[in-house]
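Me: I'm new to this protein and would like a friendly tour of it. Could we go through it in questions and answers?

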Amino acid sequence: MKLNINNFKINSAALLVCTALIFGGCKKALDLQPLDSYSEKDVWSDPKLAQVFVNNIYNETVLAYQDGGFGWAAQTDELYGNFNWTNENLYVRGEATPDNQTSGSLNHWNKMYASIRSSNIFFANIGKITGADEAVSTMKGEVYFLRALAYFELLKRFGGVPLIVKVYDVNDRSFDEKRPTWLETKDFILADITEALKTLPAVYPNDNDKGRATAGAALALKSRLLLYAASPYFNKSNDRQLWEDAKL
C-alpha cells in the first residue's frame, strides 16, 4: 500500500484550518454580552446607565405606600386586615415588641441597608465616568440625599445604627463598625444632606424628572431630622442649641 504524502499534508492543513474556524466560531458565538442586563464596566462608563442605577436606589429607599397604605391603616381602627399581610395583627392585639417588628410598614432594616450598599457602590464607581460633569454632579446629590433618607428611616426605627460607607463583598472577613449613638447617626445624616445640597437643583427643567430629589426635598429632610433631635424624646437635657438648629 502506497501512502500519498502530498495528500496527507494537504488534508492535515485543511483539518487544522477547519478546526481553527470551528473553535474560533464557537468562541465568538458563545462569548456574548448578556441580552437582559449590562455589565458593571458598561454601567460605569455611561452616564445614562449610571442614572438607571440611581433610579433603582430610589426604588429601594422611598417607602411611601410600599404596601398601598393597608398596613398602616390596619394597625388602627380605620380598617381590618383579613389576611395579616403586613403582620398588622401584632399591633391590633397590642403584642408588638422591639423583637418582632416584621411589619412591611415599620421594619425596613434589610431594605434600607440594601439601599445604603447600592449608594456606596455608586460612590465607589461614579468617578470612572468622564465627560458628563453636570449629570454626574446631580447624580451625586441625588445619592447623598437617598443615603441620608435611608439612614433617617433607620434612625427613626432603631436609634443609632452602624454607619457603613464601604462596599463589603464575599472576601471580607472582618466587620468592625460599632453602633454609634443617636446623635452621631444624626450628624452623619446631616453631613450627607449638606453634600446633597451642594449639587441638587431647585427644580428640574425636564418634566420627565419630576419626583427626583431636589434641594427642597433635602431641606425638608434636614428640617425633620433637626426637629427630631430637638424634641423632648431625644433632647433630654432640653439643649436650647438643638432648638436653634431646628429653627434654621
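Me: At what angle do helix H3 and helix H7 pack, and how many Å apart are their axes?
Reply: A word on the source first: this is a predicted model, in which local features need pLDDT of at least 70 and side-chain atom pairs count only at pLDDT 80 or more, while totals for chains, interfaces and linings use all residues. Residues are numbered from 1 along each chain as its sequence is written, and side-chain values use heavy atoms, with hydrogens and water left out. Axes are lines fitted to C-alpha atoms, for helices over the stretch in contact, with angles from 0 to 180 degrees between N-to-C directions. For H3 (residues 47–61) and H7 (residues 133–158), the angle is about 20 degrees and the axes are 10 Å apart.

Me: Which word describes how H3 and H7 lie to each other?
Reply: Angles under 35 degrees count as roughly parallel, over 145 as roughly antiparallel, 65 to 115 as roughly perpendicular and the rest as oblique. H3 and H7 pack at about 20 degrees. They are therefore roughly parallel.

Me: Which residues of H3 and H7 make the contact, and how many are nonpolar, polar and charged?
Reply: Contact means heavy atoms within 4.5 Å. H3 brings Pro-47, Ala-50, Gln-51, Val-54, Ile-57, Tyr-58 and Thr-61, and H7 brings Met-139, Glu-142, Val-143, Leu-146, Leu-149 and Ala-150. For the classes, Ala, Val, Leu, Ile, Met, Phe, Trp, Tyr, Cys and Pro count as nonpolar, Asp, Glu, Lys and Arg as charged, and the others, Gly among them, as polar. By class, the contact of H3 with H7 has 10 nonpolar, 2 polar and 1 charged residues.

Me: Is Gln-51 buried or exposed?
Reply: Buried means under 20% relative accessible area, exposed over 50%, and partly exposed in between (1.4 Å probe, protein chains only). Gln-51 sits in helix H3 and touches Met-139, Glu-142 and Arg-212, not counting residues up to four places away in sequence. Because its relative accessibility is 19%, Gln-51 counts as buried.

Me: How do H3 and H6 lie to each other, roughly parallel or roughly antiparallel?
Reply: The axes of H3 and H6 come within 9 Å and cross at roughly 160 degrees. On the H3 side the contact includes Phe-53, Val-54 and Ile-57, and on the H6 side it includes Met-112, Ile-121 and Phe-122. With that crossing angle, H3 and H6 are roughly antiparallel.

Me: How many helices and strands does the protein have?
Reply: Helices (H or I, at least four residues) and strands (E, at least two) are DSSP runs, numbered from the N terminus. From that end on, the elements run α-α-α-α-α-α-α-α-α-α. The count comes to 10 helices and 0 strands.

Me: Which residues is Phe-145 in contact with, leaving aside its neighbours within four places in sequence?
Reply: Phe-145 is one of the core members that touch the most others. Leaving those neighbours aside, its contacts are Ala-196, Leu-200, Ala-213, Ala-217, Ala-218 and Leu-221.

Me: How do H9 and H10 lie to each other, roughly parallel or roughly antiparallel?
Reply: Their axes come within 8 Å and cross at roughly 160 degrees. Leu-226, Leu-227, Ala-229 and Ala-230 in H9 meet Leu-242, Trp-243, Asp-245 and Ala-246 in H10. The crossing of roughly 160 degrees makes H9 and H10 roughly antiparallel.

Me: Is Leu-226 buried or exposed?
Reply: Leu-226 lies in helix H9. Not counting residues up to four places away in sequence, Leu-226 touches Lys-186, Leu-190, Leu-242, Asp-245 and Ala-246. With a relative accessible area of 9%, Leu-226 is buried.

Me: What is phi of Asn-238 near?
Reply: Asn-238 is placed in the loop between H9 and H10, and with a relative accessible area of 54% it is exposed. Most residues other than glycine have a negative phi. Asn-238 has a positive value, near 55 degrees.

Terms used:
Core = buried A, V, L, I, M, F, W, Y, C linked by side-chain atoms within 4.5 Å.
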